[in-house]
Structures are given as structure tokens and as C-alpha cells.
Amino acid sequence: MRDFLLGLVFAIGGGVIVAVARTYPTMPTLQFGPSLFPTIIGIGMILGGVLLTLTSLTAWRAALGDSRGVVGRFDWRGLALSLVPCALVVFYILTAEILGAMICMAVSMLALMLMRGARLWLAVIVALVVSGTIYWLFSRYLLIPLPEGLLLSQRLPFSSLSLAG
Amino acid sequence: MDAFLQGLAMVFNAQTMLVIVAAAIFGLFVGAIPGLTATMAVALLVPITFYMDATPAIAAIVATSAMAIFAGDIPGTYLNIPGTPASAAYVGESHRLAQQGRARETLGTNLVCSVIGGLFGTLVLVFVSPSLAEVALNFSSFEYFWLALLGLSCSIFIAIGSRLKAFLSLMVGLLLSTVGLDMMSGAPRFTFGVPDLMAGINFIPVMIGMFALNEIMMFYASRDESRSVPVMAKDSVFRETPRHLRRYWRNVLRGSSLGTLIGALPGAGADIAAWIAYALGKSRSKQKAKYGTGHIEGIVDASSANNSGISGAWVPALVFGIPGDTITAIVIGVLYMKGMNPGPTIFMEGGGQVYALFTVFFVANLIMLPLGYLAIRASKVFILTPRKILMPVILMFCIVGAFAINNAVTDIWIMLIIGMAAYVLARNDFPMAPAILGLVLGGTLENSFMSSMLKTNGDLLAFFERPISAGLGALVILVWLLPTLLKGYRRLRPSKTGVPHDTP
């Protein structure tokens with residue numbers, strides 16, 4: 001079932017890519033140009049996607065003939081849990097400028113550890129120590145301008161701004 | 001001679017040696033924790049190596065990957081869970097030995113075989129690549145086009161599992177490689193008006209997404225935290241090793257040479273090397289019946305092969321700029337960033353850089369012996385580190401690491417989107433290696449094709465006019481036809497032994 005859908009996604013995506021590639025200019029001396037490779041890739045995706053859809057249909061039909069209830073219940077809980085880390089990445093992107101990278105990281109790590117049932121004291125210590133270490137390592141040693149945030153700005157002994165100034 | 005000494009000096013200094021030891025310990029941890037792969041270790045390491053000189057940066061990558069591949073055997077032996085995919089081939093064998101009270105003996109033999117395998121691959125790298133480079137100096141865009149196409153074709157045909165899925169995975173990688181300004185005409189492609197995408201997609205965030213974020217998502221999607229109880233170990237680490245080596249020296253040599261060869265083939269890395277070496281060792285063994293019951297012979301073959309594969313993958317990466325596995329795919333990106341463009345000229349440039357590179361391989365492999373010994377004695381530390389504490393930490397390194405390459409938030413978005421896409425694909429048995437190779441080689445493939453076409457005014461036959469180019473072209477066509485030919489051969493001669501080809 002999933003292969004069926006993924007095959008469709010690939011086929012439709014390939015079609016879109018070919019359509020977009022048609023709009024690219026061609027080289028003056030050749031008949032083809034920047035559109036050639038994206039077009040080939042798009043066609044590859046269409047063919048591969050259609051083939052995947054068709055083979056999954058055959059496999060599906062064979063499985064249905066064998067036994068009932070092959071298609072298990074979809075694991076919605078697993079899907080939701082697997083999206084938590086992604087949501088936290090988005091949380092970091094959106095709030096790091098305001099909260100600062102250190103607080104964002106500490107909050108995210110704490111949330112993830114508690115979600116999987118880590119002990120509170122251990123989670124708090126690890127979150128604080130690791131976020132402090134990463135911040136120090138990257139902004140002081142590697143000179144990466146990690147966002148300081150409005151709360152802690154100019155107060156950290158090892159901020160990248162104080163280094164520059 | 002001067003260059004050689006200069007090369008030694010670039011490695012044997014406090015900073016580089018410290019980096020090697022630290023990287024090896026890092027590799028040990030990542031490799032020993034199930035669910036974290038050697039490629040992930042390297043992808044997470046790159047943002048840090050970005051700020052080092054070329055030699056320590058490469059040293060860090062070599063030491064991390066070699067150590068991670070060995071360390072993957074530690075949880076495999078104690079818990080029956082492979083630490084990295086490269087240990088999966090013989091995890092049953094080593095765990096059964098551990099249950100017989102021979103855990104340390106197994107790991108000790110394993111360690112020595114890994115070191116020998118790594119050194120064997122290094123020797124091949126040292127002796128073969130300079131002469132290959134001399135041949136490669138004559139290559140023009142025609143040959144590079146075929147080489148890139150050969151690498152991409154291998155990644156599909158060697159892939160374990162569905163070739164169709166490997167092909168689609170490759171298409172995704174190639175598509176990502178076309179993002180940005182077109183090299184020939186300067187037209188922007190798939191940039192969606194985002195200025196950061198004009199220069200193309202940086203592949204470090206892609207790697208982090210594909211190999212780290214993807215694994216983190218897998219971890220949170222799976223429910224059980226339950227761990228099997230590790231078996232106890234009281235035996236000696238190295239006492240039995242000389243006996244095993246004397247008895248199975250042929251297996252060590254066979255595993256190492258096979259591993260180097262498979263490692264050098266694009267798209268196939270340490271994991272496939274271990275599977276094939278284990279299968280070949282079994283089919284050639286005099287004691288086939290003992291396989292699967294805790295027989296050290298299979299471990300000798302496969303653990304030599306996976307480490308030699310790691311070194312072997314560097315041969316095409318350095319000589320042609322064609323990565324042999326996912327780790328060297330990352331390495332190629334690092335080399336470009338360091339201004340050491342992979343390709344034959346790397347061997348011709350003066351200075352000690354090449355000698356330093358070779359020395360790094362020897363040192364990184366030899367340092368595995370003492371560190372590996374300590375790791376075997378202290379295995380409990382690695383086995384009991386809970387993943388629920390580690391995964392959040394790794395996620396933070398993913399975010400900061402993706403950001404650090406260009407100080408751009410766009411790269412965090414790229415990491416996120418690619419990670420989610422990789423998660424969906426990997427959950428549905430799409431292999432990731434073809435996508436990475438597509439991303440790394442896509443540019444080479446397109447640019448060499450376009451510049452060849454400009455030279456010959458669009459005459460496609462020119463690809464077969466130069467002798468080496470024609471030979472490589474024929475090889476590509478052979479690789480494409482190989483599955484059909486093999487199928488025909490099998491139909492004509494039904495095999496009696498029933499060689500298994502459905503290895504997971």
C-alpha cells in the first residue's frame with residue numbers, strides 16, 4: 001500500500017519536474033541546455049514511480065489471495081512520536097533568535113528525555129550541561145555565531161559578541 | 001624524502017595526534033551504540049573538522065570511521081544487536097560465542113582482524129592509487145562522464161534489496177544536485193527564489209538529515225526501550241588470537257582483499273563487504289556445519305572485510321573524486337572545502353600532503369589496538385549508555401552542525417526536510433547510498449557531459465572515440481546488462497547449492 005502511494009508521489013513529482021524544466025533556457029550552440037538533466041531525472045522518476053505502483057499492485061493482489069488482514073493497523077502513535085524531534089527543530093528555528101540557542105536546546109532536550117521516561121534530575125542535569133557545552137564549544141572555539149537570544153544577550157562570559165568586541 | 005618527512009611532521013604533532021585519539025574515542029562511542037552508524041558519526045563530525053587544517057580534519061574522519069566499524073561489534077557480541085550495519089552479517093555468530101563465555105576472545109580476534117583489514121586496505125591505497133592517478137591524469141571530460149555513470153550504475157546494481165527503489169533513490173540525489181545556478185549557462189534551477197540555494201544544496205546538512213535525523217526519528221517511532229541483558233565476560237582478550245590467526249590467515253587475507261575491492265566499488269561500503277565476505281567464507285569453509293553455532297571463522301572473514309572496505313573506499317575517492325561509500329562521499333565534500341580537490345592532481349602536488357594522508361591511515365588503524373583493547377575491557381559503559389539520554393543530545397548536534405557550515409538557517413531547514421524525506425524512504429526499504437552518490441556525482445556527471453558536448457558540438461559518438469573512454473563506456477553497458485545476463489545464466493544452469501541472494 002505504501003509502495004503504491006510512494007510510486008504515485010514519484011510519478012507526479014517527476015511530471016512536475018519535467019514541466020518546470022521545460023521553462024529553462026537552452027544553450028545557443030546546442031539543442032539542449034540546463035533543462036536536459038532535470039528532464040531526464042523527471043522522466044526517470046515518472047517511469048520508476050509508475051513501475052513501483054504497478055509492482056505493488058501485483059504484490060498486493062497476491063497478498064490478498066493468501067490471507068486476510070495483511071494490512072496491519074497504521075501506527076499513528078509512532079508517526080506522531082517520530083515527528084516530535086522535527087517539531088523541536090522547527091521550534092529552534094523559530095525561537096532561537098528570541099530565547100537564545102542555549103535555552104532552546106536545553107528545553108528541547110529536556111522535553112525529549114522526559115518523553116521517553118528519563119529521570120527528572122538526570123534529564124535536567126544533562127540538558128543544562130550539554131546545552132552549555134555545545135554553546136561554549138561552537139561559539140567560543142569554532143566561532144559560530146549561535147543566537148544569544150534577548151534574555152541572555154551580553155551576559156554570557158563566552159558569547160561570540162563579546163569576543164568580537 | 002623531504003616531502004615524506006614533511007608529511008610525517010604533519011601527523012606526528014601534538015594537535016593531530018590528540019585529534020586522532022579524540023576522534024577514535026568518539027567513533028568508539030557512536031559505533032558501540034546501536035542505531036548510530038559510522039556514516040552518522042562522520043556526518044556529525046564534519047562541522048567540527050570544518051575549522052581544522054586538512055590533515056587533522058582527514059585524520060579525524062579516518063579514525064572515527066575505522067573505530068566505529070570495529071565498535072559496532074561490541075553490542076553485537078554482548079547483546080546480539082549490531083552497533084552499525086557493518087556488523088549485522090555476523091552478529092549471530094559472535095553473540096553465540098559470547099554465550100559460550102568467549103565474548104572477549106571473540107572481540108579480541110575481531111579487533112586484530114579489523115586492524116589487519118584496515119592496514120591491508122591502506123597498503124592498497126598507498127601502492128595502487130599513485131599509479132592509478134598517473135593513468136587518470138590523461139582523463140578528459142569524456143572519461144569522467146563514464147566514471148561518474150559507472151559509479152552511479154554500481155550503486156543501483158550492487159544495492160541490497162529492490163533495484164527499482166535504489167534507482168528512485170538515485171533520482172532523488174541527482175535532483176538535489178541540480179539545485180542552484182547551472183554551471184554552463186548560469187540559469188538558476190529549483191531555487192524557488194531562495195538566495196541561499198543559488199550556490200546549490202550544501203551536502204553536509206543533507207548528510208546530517210539523512211543519517212542522523214532519520215535515525216533519531218526511527219528511535220522515537222519505535223516503542224520498546226527494553227534491552228536484552230548483556231552476557232558476562234571473564235575470559236582473556238588476546239590469548240587465543242594468535243592461534244585463530246595462524247589457523248585462519250587465509251580467511252584474513254581473503255576477507256581483506258575482498259573488502260578492499262568491494263569498498264572501492266561506488267555504492268557498496270563496509271556493510272555489503274561484510275555480508276559478502278561472510279557468505280564467501282562460509283561457502284569456501286571446510287566446516288560449513290559449524291557456521292551459525294558460534295564459529296570464529298566467519299567472524300575473521302567478515303571483520304577483516306568491513307574495515308578494509310573503509311580504507312578501500314578512499315582509492316576511487318582520492319584518485320577520481322568518485323566516492324566508494326557514503327563516508328567517502330562526505331570526505332569528498334570536506335576535501336573540496338579544504339581546497340584539496342580530489343582527483344589525480346592530489347598525488348602530483350608537492351609538499352607532504354599525500355604522505356601525511358597515508359600516514360594518517362596507518363596511525364588511525366594502529367591506534368585501534370590499544371583503544372579497542374580498553375573498549376573491550378570496559379564494554380559495559382557503552383552498552384549501558386541509555387539512548388533516551390543520547391538521542392536528544394545528537395539532535396542538538398544535528399541542528400548546530402547543519403547551521404555551522406554556512407551560518408545559515410536555510411541549512412537547518414534543508415536538514416529537516418531531507419531528514420523527514422529520508423525517514424519515509426528508509427521506512428519503506430529505499431537504500432540511502434544511491435541518493436548520496438547521486439548528490440555527490442550529479443554535478444560531475446552533468447558538467448562532464450555538457451563540456452564534452454560543447455567540445456564536439458553535440459556529437460554523442462565522441463564518447464566512444466577515445467580508447468579509455470570507449471572501454472569505460474563498454475564497462476558501464478556491461479554493468480547494466482549484468483542482471484539480465486546472470487538471470488539467463490541461472491536459467492540455463494539451475495544451481496544445486498542454492499546460493500542465497502536474499503540477504504537482508
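Student: Is B:Phe192 buried or exposed?
Tutor: B:Phe192 counts as exposed, because it has 7 C-beta neighbours inside 10 Å; a residue is called exposed with 12 or fewer other C-beta atoms within 10 Å of its own, buried with 20 or more, and partly exposed in between, the C-beta atoms being placed from the backbone. This is a predicted model, in which local features need pLDDT of at least 70 and side-chain atom pairs count only at pLDDT 80 or more, while totals for chains, interfaces and linings use all residues. Residues are numbered from 1 along each chain as its sequence is written, and chains are lettered from A and ligands numbered from 1 in the order in which they are written.

Student: Where does B:Phe192 lie?
Tutor: B:Phe192 is in the loop between strand 2 and helix 10 of chain B, where helices (H or I, at least four residues) and strands (E, at least two) are DSSP runs numbered from the N terminus. Phi of B:Phe192 is near 50 degrees, a positive value in a residue other than glycine. Most residues other than glycine have a negative phi.

Student: And what is phi of B:Phe190?
Tutor: For B:Phe190 phi is near 50 degrees, again a positive value in a residue that is not glycine. B:Phe190 sits in the loop between strand 2 (188–189) and helix 10 (203–221) of chain B, and it counts as partly exposed because it has 18 C-beta neighbours inside 10 Å.

Student: Switching to chain A, how many helices and strands are there?
Tutor: Chain A has six helices and zero strands, so its elements read α-α-α-α-α-α from the N terminus on. Of its 165 residues, 28% count as buried.

Student: How many residues does each chain give to the contact?
Tutor: Chain A gives 48 residues and chain B gives 43 residues, with two residues taken to be in contact if their C-beta atoms, placed from the backbone, lie within 7 Å. On the side of chain A that touches chain B, the elements that give two or more residues are helix 1 (2–21), helix 2 (36–66), helix 3 (76–99), helix 4 (101–115) and helix 5 (120–141) of chain A.

Student: Which helix of chain A gives the most?
Tutor: Helix 3 of chain A does, with eleven residues. By class, the side of chain A that touches chain B has 36 nonpolar, nine polar and three charged residues, where Ala, Val, Leu, Ile, Met, Phe, Trp, Tyr, Cys and Pro count as nonpolar, Asp, Glu, Lys and Arg as charged, and the others, Gly among them, as polar.

Student: How do the axes of helix 4 of chain A and helix 21 of chain B cross?
Tutor: The axes of helix 4 of chain A and helix 21 (residues 387–406) of chain B come within 9 Å and cross at roughly 150 degrees; these axes are lines fitted to C-alpha atoms over the stretch in contact, and angles run from 0 to 180 degrees between N-to-C directions. Helix 4 of chain A is therefore roughly antiparallel to helix 21 of chain B, a term for angles over 145 degrees, with those under 35 called roughly parallel, 65 to 115 roughly perpendicular and the rest oblique.

Student: Which residues meet there?
Tutor: From helix 4 of chain A they include A:Met109 and A:Met113, and from helix 21 of chain B they include B:Ile389 and B:Pro392. The contact of these two helices has ten nonpolar, one polar and one charged residues.

Student: What does A:Val126 touch?
Tutor: Not counting residues up to four places away in sequence, A:Val126 touches A:Met109, A:Met113 and B:Ile389. A:Val126 lies in helix 5 of chain A and counts as partly exposed, because it has 19 C-beta neighbours inside 10 Å.

Student: Last topic: where is the kink in helix 24 of chain B?
Tutor: A kink of about 45 degrees lies at B:Leu481 in helix 24 (residues 467–492) of chain B, shortly before the proline B:Pro483; the bend at a residue is the angle between axes fitted to the seven residues ending there and the seven starting there. In helix 24 of chain B, B:Ser469, B:Leu472 and B:Val476 are buried, and what covers the buried residues of this helix includes helix 8 (141–157) of chain B.
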